[in-house]
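Biologist: I would like to learn to read a model like this one. Can we take it feature by feature?

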2 protein chains.
Amino acid sequence: MRGVSRIAATYRIRADARAIAERAKAIAVEQSVEMPVQAIDDARVLAEIVGRVEDIQDLGDGSFAVRVGLAVATTGPEPGQLLNMLFGNSSIHDDVTLEDAALPPEILAAFGGPRQGIAGLRARCGAPGGTGARAMTCSALKPQGLGPEALARLAGRLAEGGIDFIKDDHGLADQAYSPFAERVRAVTREVAAANRRTGARTRYAPSLSGTLDQMRAQIRAARAAGVDTLLIAPMIAGVATFHALVREFPDMAYLAHPALAGASRIAPPLLIGTLFRLLGADATVFPNHGGRFGYSPATCLKIAEAARGALGPLKPCAPVPAGGMTRDRVGEMLDFYGSDVVLLIGGGLLAARDELTQEAAAFQREVASFARA
Amino acid sequence: MRGVSRIAATYRIRADARAIAERAKAIAVEQSVEMPVQAIDDARVLAEIVGRVEDIQDLGDGSFAVRVGLAVATTGPEPGQLLNMLFGNSSIHDDVTLEDAALPPEILAAFGGPRQGIAGLRARCGAPGGTGARAMTCSALKPQGLGPEALARLAGRLAEGGIDFIKDDHGLADQAYSPFAERVRAVTREVAAANRRTGARTRYAPSLSGTLDQMRAQIRAARAAGVDTLLIAPMIAGVATFHALVREFPDMAYLAHPALAGASRIAPPLLIGTLFRLLGADATVFPNHGGRFGYSPATCLKIAEAARGALGPLKPCAPVPAGGMTRDRVGEMLDFYGSDVVLLIGGGLLAARDELTQEAAAFQREVASFARA
């Protein structure tokens, strides 16, 4: 139908060749009107709302790539409803995965993507872009269970080493043993002191948790302490909550964490790359290949491309490969990802214990030494 | 460690026998401190916070059931953080699923479960419990794309047939073609008119979408129109948002929808049954076996048991088998689930088109005729 804007969603469906046309139609219906089409008598609904099978491709491995056009109008546009229309009910089919979604300009404009983007992250920590660009670095405060002062001491030592971003472990929430507000005050104090000594501009990114209201209060407390970068797990927070914060606090940079995102049978480049970026992630953490998790190099490159490649007018989002990384992989990772990346080493630095500052400084130096000529 | 309250989480891990002890330990670490344990020198963290492997059982199919004790203190208690600690990072391992979680009394008390429970649902629609108990019925307003008045006419005809609960299709949000507030006014008007004519007590459950703030506004508008039952998809809304609403509007009954929940590699009885109930679902919709989705009869029974079986002081949550059900399955479903159930037929009734009221009435009569002697 001319004039109807659609998202082209691609599903991978395990099926045999005789059944695939029927399956494809069923998915198109499931993800739109969710009822027998022959029972619909509204002409506009039939023409504009019912999902439309646009292409079926045999992938030659017992599965098919099915492209379905889903009406933009059904998504609101609202972040939860976007996810609902893309994969709500079909997520329950264990032979269907959501592989890709081509987002039309209205969707990009409605959500707007990263407010800071990679350039904004560079500006925060003073890492040059363009000629002489270097990758950025990140580490994490762990283990949970430590109190605010102990975490603040770790942060001070990492900052002393010059790390660009120090994020809370995603397990740090607002627990009794480390209340958010107290932790933020203690950590920012130590990071600021280290910055004064070193002249560096290390940023602390505390982890948000709870409801929209609780997160708002956390952001206000963090901002009062000088924080301008935050960590959030969109699939735990809820995508609507995440995006509401991006709109309400557009001066903040948001680092997205993939917790629970791996549980989805949505292709990681789409969910962790494109969709988190669409909703406003300035950087997105994902498990690098060869670490504790099983993503392949190809998947990792696709995530990086989805995060920072061209996507209409949206700013690029920094890929943050992580999950068991160590210093000896810095060169290889920079070769692989280039300089528009944030390298995250958490436990691998903390394992240095008494040598934490030196280890952090060595990590920072190594990354800087790979600056683009 | 005596005195430390733990959640016993059971993961199913594909691994070979030589590797499983190491894998089990790695999961216990991933879901707690997420860093090399040898780099932790805080005795309390080691004793009380680090996850503890409690049992490893060979399932004989190339996988192992690994029970891990996770400290309750790490969860907040906060709904998102509970999910995060149960499965946040491990969701990214495609050879790990979360199978079960034994929730200690503090967790049950902290979240509190259904506020109405099955008895509260029965009271709403006037379906007797105890001796003479009958199952409840539900249908859905579809297709999305119709305007408020067209949906209201459908609702009026379903109500005329005496259906207990009429829910919005989970695809109905706050779209331009059917704004929430307008839809609720139109549908409640028609349902109330039908109730006056029939003497029945059909309830309309509109579907919530958007942020916590948007959902609050939706609930206020719905309550003003006489609504006392709501539909929400916790995995799309975010579990924290869902639970915040349960606390703020404890007089409402909440019908949980499984959209996006099937995407998780969390066993459905745990997520859709136990966890949704824990957070306050009074009824939980799931795909019945033999419909459009692939859950087995055994999985469906386990979901029903998790939803309504004994769980500390928590009220039972009504199982709502759905997903392509038809009238000819009523007897079989009631034999299978008993009378503490809500039978949901959506498209299967709507397909009757001009005979919708008669079809709804026949569905209602059939269910009532199976009342417990």
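Modeller: We will go through the symmetry, a pocket and a sheet. Keep in mind that this model is predicted.

Biologist: How is chain B laid on chain A?

Modeller: By a turn of 180° and a shift of 0.0 Å along the axis, with an RMSD of 0.0 Å. The two copies are thus related as by a two-fold rotation axis. As for contacts, 100% of the contact residues of chain B recur in chain A, so the same surface serves both copies.

Biologist: Which residue of chain B comes closest to the rotation axis?

Modeller: B:Gly238, with its C-alpha at 2.0 Å.

Biologist: Now the pocket. What lines the second largest pocket?

Modeller: Rolling a probe the size of a water molecule over the atoms shows where empty space is left. Here, 35 residues line the second largest pocket, and its volume is about 960 Å³. B:Thr97, B:Glu99, B:Ile266, B:Ala267 and B:Pro268 lie nearest its centre. Among the elements giving two or more residues to the lining are β1 (6–14) and β4 (96–102) of chain B. α11(B) gives the most, with five residues. By class, the lining has twelve nonpolar, eleven polar and twelve charged residues.

Biologist: Last, the sheet. Is the pairing of the four strands in chain A parallel or antiparallel?

Modeller: Strands of a sheet pair through backbone hydrogen bonds, either parallel or antiparallel. In this open sheet, ordered β8-β9-β10-β11 (chain A), the pairing is parallel. β8 (229–232) and β11 (318–322) of chain A are the edge strands, each pairing on one side only. The twist averages 25° from one strand to the next.

Biologist: How many bridges join β10 of chain A to β11(A)?

Modeller: Five. For A:Ala283, the bridge partner in β11(A) is A:Ala318.

Key: Residues numbered from 1 in each chain as written. Chains lettered and ligands numbered in written order. Predicted model: local features only at pLDDT ≥ 70, side-chain atom pairs only at ≥ 80, totals over all residues. Heavy atoms only, no water. Least-squares fit on C-alpha atoms with pLDDT ≥ 70 in both. Contact = heavy atoms within 4.5 Å. 1 Å grid on protein atoms, 1.4 Å probe; cavity = no way out; pocket = protein on both sides within 12 Å on 5 of 7 lines; lining within 4 Å. Points joined across faces, edges and corners; volume = space filled by probe spheres on them. Nonpolar A, V, L, I, M, F, W, Y, C, P; charged D, E, K, R; others polar. Pairing = 2+ DSSP bridges. Axes fitted to C-alpha atoms, helices over the stretch in contact; angles between N-to-C directions.
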